[in-house]
Amino acid sequence: MSDTMTGRERLLKALKGEPTDRPSVISACQYATYELMDAVGASWPEAHRDAELMATLSGKGGAEVIGLDAIRAPYCQTIEAEALGAKIKSGGKTHIPSIAEHPYKVDDVPEFPDDFLTRGRVPVAVKAVSLMKEKYGDQVLVMGGIGGPFSIANSLIGITPFLKAMFKTPDKIQPFLEMGYQAALTFGKAYIEAGADAIVIEDMMASLDMISPKNYRQLAQPYEKKLIADLGVPVILHICGKLDKVMLDIADTGCAGISVESAVNIPAAKAAYKEKGIRLPIIGDISPSGVLLNGTPDEIKDAVHDALARGVDIISPGCAAAPSTPLANLKAMVEGAKDA
Amino acid sequence: MTAETRETKGQAALREQLKRNLSDAIVEMEVEEAERIAKEITAQGLFQMNLLETSVAAGMAVASRLYEEGEYFIPELLSCADAAEAATEIFRPYMLGEKPAPKGCVVIGSVEGDTHDIGKNIVALVIEAGGYEVHDLGRDVPASVFADAVEAHHPDAVALASLMTTSMGHMADVVQELTRRGTRSSCKIIIGGKPVSTSFAKKIGADYYAPGAGEAVRLLDDICSRRS
C-alpha cells in the first residue's frame, strides 16, 4: 500500500489520536548510524559542530534515507552542560561526545548565563533545525532535542554527587534544577523560533532505574510539566526504563506523546489511560539494543507488528539507536508500518 | 568445659550479633552506625577476615537485591555503599598481614564512550567485599587499557560495564583487542549494564552477562571454582 499522507500529516494526526493512512514511524532519540553517515556523506565528529552537516545527517538521513515522519537534532545530551561550563571529550568518529569534567560542585551556587544561546554547540543545533525546516518542513515534522531539567541538573554536578545530595541534602540541588529548567526552556524556545514544529525532551536520568517514583514526582515531573507548558508546542517526552508506576504522572505533564522502552507494560498503561479518559499516544518500543541492532529486517517488521498489537501508537526505537545499527534495520521499521 | 572456651563462645556470639547488626546498618543506609559497629568489632578484638564477606558483602548483596526488586533506587544503593565503605575503612588496618589469598582476580571498568560509573562502582565494591582482588580501571576506558591490565594482572575475569546504547558496541572492541594480543583465552569476559544482555554477550564473543552485582559474584565463584 502506498502512502497517502506526508509524514508530517501522519505524525500530527497520530499525536492527536486521529486516523492515519498507516502507523507513523519516528525515532524520538538519536538515529545517526555509521551506515547512515556513509549514505549521506556527513559524519561524526564533524556533524556535532557543523550545522550544515548536522542538518544533512539528521534531515536527509531521517527524511530521505530512512523515511521517518519526523527528523531531529542533535545526537547527544551534553550540549546544555557544555554551554554551562562542562569540559567535553570528543567522541571521535565512533562515539557521541561525553562530559569529561562537570562544571559545578554540589555546594556551588550556579548562575544561568545571559549568552547561553551563543555558547558551544547550542547555535549549531538551532541552526541545523532551521536548515532542516527549510528543506524538509513541508514533508516531515522538525523536532529540536533538549535535555529534561532533572537530567541537565545531573550533568552539571555529576550523577553520583547529585543523587547522593538528592537523598541527603535535597535543598542543595534545587538551584541546579532551576538552572536545568532555564537551559531547557531557553534552548527549546530558540529551536521553536528557528522553525521547530515540536520539541523532544530526553529526561533519561528521571528514569525509575535511577530514582524512586516519589523522587520523580517531587523533583523531575514538576519541572517537566512547567517546561512543557512554557514551550507551547507539541512536546514528546522520552524517559528510559521501567516507568509503570509513574505513567499517569507522565501523562499529567501535558506532553503530546510519551516515548518509552520495552520495559514498560504498555497494555497496562493504555488500560489505565483509558479508564481515566487520557488520550496520550505511547511512542516506542522497538528495542535498540535487541532486535533493532541484532535482528533481521523481517524480525524487525514482526517487532513493529507486535508493538502495534500491544497498543503502541507511534513506532520508534525505545531509546537512542546504537550507531552500529544496520541501516536496513532502521528502514525495516518503516516497512513494518507500511504492511501493518 | 573450661572458662576459656566459654569466653570464646560468648565472644563468638557477640561477633555473630555485631556481624548481623553491621549488615543491617549497611542495608538501612546508616553510615555512622556502620562505622560505630565496625569500631566496636575491632575494639573488642572480634575482627576476622571473613566478616568482609559475611557482613559487608552480605549487606550490599541484600541492598542489590532490594534494588533489583524495585524497593531501592540508585540513591539508596549509593548510601548503602557509603556505609559499607565506612566499615571497610575501619577494618582496613586489621586486614594487613591477615588477608587470605583472594578467591580470584578481576579487572573491571566502564568501556570507552561511557562516563557512567555508578553501577560499575557498586559491582566493584561487592566483588571486592566478596573476596576478590579487584583492579578498577574507572570509566571511559579504551580497549587497549583493558588489554594492558590483563597482561599486567593476569585476571580470572574482565568485567565490562556500559549504560548506553551508544557505547555498548565498544565492549566488542575489548574482546577483539584481547584476541588480537593473544590473551582472550586467559580470562573470562563478563558484561553488565542496562542495554546489554546474554544474547549481546554471545554476539560480541563475551562469556557471560551479569544482570546485577550479586549475579556477578556468583559467576566469579563459579569461574574460579572450576579453575581450581
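**Two interfaces: A with B, and within B**

Colleague: How many salt bridges does the rule find across the interface of chain A and chain B?
Modeller: This is a predicted model. Across the interface of chain A and chain B, the rule gives a salt bridge count of 5.

Colleague: Which residue of chain A forms a salt bridge with Asp140(B)?
Modeller: The closest N and O atoms of this pair are 2.7 Å apart. The cut-off is 4 Å, so the pair qualifies as a salt bridge. The partner of Asp140(B) is Lys89(A).

Colleague: How many residue pairs are in polar contact across the interface of chain A and chain B?
Modeller: Both residues of a pair must be at pLDDT 80 or more. Under that condition, the number of pairs in polar contact between chain A and chain B is 11.

Colleague: Which element gives the most to the side of chain A that touches chain B?
Modeller: Strand S4 (98-101), helix H8 (159-168) and helix H13 (291-294) of chain A each supply at least two residues. By class, that side of chain A has 20 nonpolar, 10 polar and 6 charged residues. The element that gives the most, with 7 residues, is H8(A).

Colleague: What area do chain A and chain B bury between them?
Modeller: The contact takes 36 residues from chain A and 27 residues from chain B. Carbon and sulfur atoms carry 58% of the buried area. The total for chain A and chain B is about 2,500 Å².

Colleague: How many salt bridges are counted between domain 1 of chain B and domain 2 of chain B?
Modeller: The domain assignment gives domain 1 (7-95) and domain 2 (104-227) of chain B. Their centres are 26 Å apart over C-alpha atoms. In the contact, 13 residues of domain 1 meet 8 residues of domain 2. The salt bridge count between these domains of chain B is 0.

Colleague: Which helix gives the most to the side of domain 1 of chain B that touches domain 2 of chain B?
Modeller: The two domains of chain B bury about 830 Å², 78% of it on carbon and sulfur atoms. On the domain 1 side, helix H3 (51-68) and helix H4 (74-95) of chain B give two or more residues. With 7 residues, the helix that gives the most is H3(B).

Note on methods
Residues numbered from 1 in each chain as written. Chains lettered and ligands numbered in written order. Predicted model: local features only at pLDDT ≥ 70, side-chain atom pairs only at ≥ 80, totals over all residues. Heavy atoms only, no water. Domains from an automatic or database assignment. Contact = heavy atoms within 4.5 Å. Buried area = accessible area lost by both parts, 1.4 Å probe. Salt bridge = Lys/Arg side-chain N within 4 Å of Asp/Glu carboxyl O. Helix = DSSP H or I, 4+ residues; strand = E, 2+ residues; numbered from the N terminus. Polar contact = N/O pair within 3.5 Å; in protein donor to acceptor, adjacent residues only side chain to side chain. Nonpolar A, V, L, I, M, F, W, Y, C, P; charged D, E, K, R; others polar.
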